[in-house]
Amino acid sequence: MPDFLLDPDVIFLNHGSFGACPRAVFDEYVRWQRELERQPVRFLQRELPPLLADARQLVGEYLGARSHEIVFVPNPTFAANTIARSLALGPGDEVLLTDHEYGACQFAFDFAAKQKGFRVVQQPITLPVESNEAIVEQFWQGVTPNTKLIFISQITSPTALTLPVAQICQRARDAGILTMVDGAHAPGQIDVNLTEIGADFYTATCHKWMCAPKGSGIFYVREDRQAMIDPLIVGWGWGPNKTFHRENEFIEHHEWLGTYDPAAYLAVPAAIAWQREQVTPEVRQRSQDLVRQAVELASQIEGIERVHPDEFFRQMGLIDVTARCTDTDALKSRLHDEFRIEIPVIRWQDRVFIRVSAHAYTKRKDIEALVQAIQVI
Ligand SMILES: Cc1ncc(COP(=O)(O)O)c(C=O)c1O
């Protein structure tokens with residue numbers, strides 16, 4: 001069993017919210033912080049640029065992208081804000097989202113829409129989904145001649161649904177619509193190849209399913225789209241007096257945001273190495289099987305339903321408790337306080353889901369404890 005730092009007194013079934021970092025990767029993160037503090041000027045001014053370039057190179061290889069198309073950012077919220085604020089959108093233009101998007105990222109577009117006058121349009125994807133083709137067709141009903149950007153999750157947060165983003169990006173490209181894929185839950189949970197997905201923009205966390213330290217994310221902008229994107233924070237990397245010797249303008253503009261702690265980014269290569277060694281296809285399959293068992297066993301309880309067919313979820317699954325739960329906060333608190341289970345209870349539309357996550361540290365007895373708790377409650 002891989003060595004995580006999780007509290008052994010808690011049944012942790014919420015990897016999806018913030019991830020969890022294995023001891024080996026966390027040690028590497030602390031090692032970089034110590035390196036920095038030994039000689040901050042040498043580290044931040046001279047050693048950091050090539051270290052980040054090496055880390056970017058590895059992430060690029062891991063995600064099937066060229067390293068100059070990727071910058072480290074703290075998280076996908078940051079990347080969504082960067083896109084929403086820099087694209088030249090205005091009155092008459094539409095940004096199309098599904099109704100399964102992560103709230104903070106949707107807010108980034110709502111905020112920019114208020115300032116610039118474009119519209120944010122939410123196209124429903126009805127549950128239960130039936131096939132990838134049906135998802136694409138239903139989503140495409142939201143496209144109009146005014147649609148300029150599609151923003152869509154690869155794996156959705158409230159509904160743990162894997163969406164056919166490559167098909168949607170292909171169709172958008174044919175229609176001349178830009179695409180941004182929110183892959184917050186994808187790398188580490190599924191194999192990601194950014195070239196094959198074909199999005200113009202992509203963001204992901206490294207701290208969720210790649211198990212890197214918190215505050216490590218990536219922002220991908222395809223080479224031919226980089227001139228469209230302004231830095232969210234203007235600093236030394238912009239302007240005539242560039243002082244840092246970076247590979248190119250995109251990286252200069254977006255990666256140096258003033259003094260910060262880059263240790264989480266520098267630990268991403270260790271997280272990738274850890275993934276390759278520890279999260280074998282068997283380990284991923286075992287986690288998926290545990291999620292499927294949780295969904296299956298819970299759905300045998302009266303009044304509790306399944307939501308998706310198995311092929312639409314991976315290491316996160318949904319238990320539909322709509323018929324048995326009116327107060328989501330109370331249910332979450334009871335699961336935590338009485339049963340020591342950390343798990344999200346999510347209200348989506350008029351439904352209530354318990355979203356169960358499994359990773360290499362999850363045990364069959366954790367799943368049994370969850371099902372038993374739901375039964376008792
Ligand atoms: C689909 C999705 N997008 C974006 C985010 C935002 O992540 P962060 O808070 O790291 O920016 C999350 C976080 O859970 C998410 O689930």
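Author: Leucine 290 is buried, because its relative accessible area is 5% (buried means under 20% relative accessible area, exposed over 50%, and partly exposed in between, with a 1.4 Å probe and protein chains only). The model is a predicted one, in which local features need pLDDT of at least 70 and side-chain atom pairs count only at pLDDT 80 or more, while totals for chains, interfaces and linings use all residues. Residues are numbered from 1 along each chain as its sequence is written, and side-chain values use heavy atoms, with hydrogens and water left out.

Leucine 290 belongs to helix α12 (helices, H or I with at least four residues, and strands, E with at least two, are DSSP runs numbered from the N terminus). Apart from residues up to four places away in sequence, leucine 290 touches Ala358, Thr362, Lys363, Arg364 and Ile367 (contact means heavy atoms within 4.5 Å). Histidine 359 is 69 residues from leucine 290 in sequence, yet the two C-alpha atoms are 9.0 Å apart in space.

Helix α12 covers residues 281-298, and glutamine 288 is also found there. Glutamine 288 counts as buried, since its relative accessibility is 11%. With neighbours within four places in sequence left aside, its contacts are Arg314 and Gln315.

The chain as a whole is assigned domain 1 (26-275) and domain 2 (280-376); such bounds come from an automatic or database domain assignment. The C-alpha centres of domain 1 and domain 2 are 28 Å apart. Domain 1 gives 27 residues to the contact, and domain 2 gives 21 residues. The size of an interface is often given as the accessible area lost when the parts come together. Between domain 1 and domain 2 about 1,900 Å² is buried, with 57% of it on carbon and sulfur atoms (buried area is the accessible area, taken with a 1.4 Å probe, that two parts lose on being put together, summed over both).

Valine 129 sits in the loop between β4 (119-123) and α6 (132-140). Valine 129 is buried, because its relative accessible area is 5%. Beyond its neighbours within four places in sequence, valine 129 is in contact with Ile135, Leu161, His308, Pro309 and Phe312. Glutamine 285 is 156 residues from valine 129 in sequence and 22 Å from it in space, C-alpha to C-alpha.

Proline 128 is in the loop between β4 and α6 too. The peptide bond that joins leucine 127 and proline 128 is cis, with omega about -5°. Most peptide bonds are trans, and most residues other than glycine have a negative phi.

Alanine 160, in the loop between β5 (147-153) and α7 (165-175), has a phi near 50°, a positive value in a residue other than glycine. Alanine 160 counts as buried, given its 2% relative accessibility. Arginine 340, in the loop between α13 (328-339) and β10 (341-342), has a positive phi near 60° and is likewise not a glycine. Arginine 340 is partly exposed, because its relative accessible area is 44%.

Threonine 82 takes the account to helix α4 (residues 76-86). Threonine 82 is buried, because its relative accessible area is 2%. Its contacts, leaving aside neighbours within four places in sequence, are Phe219, Ile229, Asp230, Leu232 and His254.

One pair of helices remains. Two packed helices are described by the angle between their axes and the distance between the axes. For helix α2 (residues 23-38) and helix α3 (residues 40-63), the axes come within 7 Å and cross at roughly 130°. Axes here are lines fitted to C-alpha atoms, for helices over the stretch in contact, and angles run from 0 to 180 degrees between N-to-C directions. α2 and α3 are therefore oblique to each other (angles under 35 degrees count as roughly parallel, over 145 as roughly antiparallel, 65 to 115 as roughly perpendicular and the rest as oblique). α2 brings Trp32, Glu35, Leu36, Glu37 and Arg38 to the contact, and α3 brings Pro40, Phe43, Leu44 and Leu51. By class, six of these residues are nonpolar, three are charged and none is polar (Ala, Val, Leu, Ile, Met, Phe, Trp, Tyr, Cys and Pro count as nonpolar, Asp, Glu, Lys and Arg as charged, and the others, Gly among them, as polar).

Helix α3 also holds arginine 46. Arginine 46 is exposed, because its relative accessible area is 51%. Not counting residues up to four places away in sequence, arginine 46 touches Gln39 and Val41.
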